[in-house]
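Hello,

Here is the model for you to look at. My notes on cavities and pockets follow it.

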Amino acid sequence: MLAPFLAVIERQEPALPEKDAVHDARVACRRLRAALRLLGLRELDGPVKDLQDALGEVRDLQLQAEWLRPRDERLHRQRAALIRKATRALVAAVRRWHTHTLPLLIQADVKRPPAKKVRKILRRRLAKLEERLEAARDRPTPRAMHRARISVKQVRYLLELAPALPRRAKARVADLKSLQASLGELHDVDVRIALLRGRRALLREQREARARLLKVALAQLSRWHKQRVAQKARDALR
């Protein structure tokens, strides 16, 4: 359960900090953390998150700089300077990964988790997902939507990794992918809005984009609420 994600990180490392390599290694870290959760190796979650966060900082700044390049040269230069700083932090994080985290993962006592335990973990995560989706639907602030997005990703990776689940539970993965995409686009716009203080034209454009994207996201959240998607997935795991 761990080896495929360790292999992805190893394969992408020589190309860091190229955009695709950073993205793929970051996703591998997220999936690795989901596997650790299922295996009950939570003590290793923090060290893996350390690398994920360093990759995430570089990736987020890369996306911001790329978007800003044709729109605002001053802000683009600021982001580019931050990328250089974040890249140095990533180099240090990769060094810690090799000297500390990777040896711990290789030496970990990995045992396939009992089906009962896996289902319990998933039911708990689905309950948290439902709670966050309802909070976002009731009050769709950037923070609430971001928290919902995080839960969507966590549950999706857990469902993809967990063995021998009922078909009704596995079927929710497609729903989660679609919702993750919508919430991700909305989050990108929210980040840009926070960056664009004083840039009236760009700010107006992004606020209009947020209004459009929010309608799509709220429609999906409404469907999840009406059809009790998370609740039904949880019931399928009993």
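Predicted model: local features only at pLDDT ≥ 70, side-chain atom pairs only at ≥ 80, totals over all residues.

Residues are numbered from 1 along each chain as its sequence is written, and side-chain values use heavy atoms, without hydrogens and water.

On a 1 Å grid over the protein atoms alone, a cavity is a set of points where a 1.4 Å probe fits but cannot get out, and a pocket is an open set with protein on both sides within 12 Å along at least five of seven lines; lining residues have an atom within 4 Å of a point. Points are joined across faces, edges and corners, and a volume is the space filled by probe spheres set on them.

One cavity reaches 30 Å³ or more. The largest cavity has a volume of about 40 Å³, and its lining includes Glu 13, Leu 51 and Trp 97. Helices H3 (45–68) and H4 (73–107) each give two or more residues to that lining (helices are DSSP runs of H or I, at least four residues, numbered from the N terminus).

The largest pocket, of about 950 Å³, is lined by 31 residues, with Arg 26, Arg 30, Asp 60, Arg 149 and Lys 153 nearest its centre. H3 supplies the largest share, eleven residues. By class, the pocket lining has seven nonpolar, nine polar and 15 charged residues.

Regards

Note on methods
Nonpolar A, V, L, I, M, F, W, Y, C, P; charged D, E, K, R; others polar.
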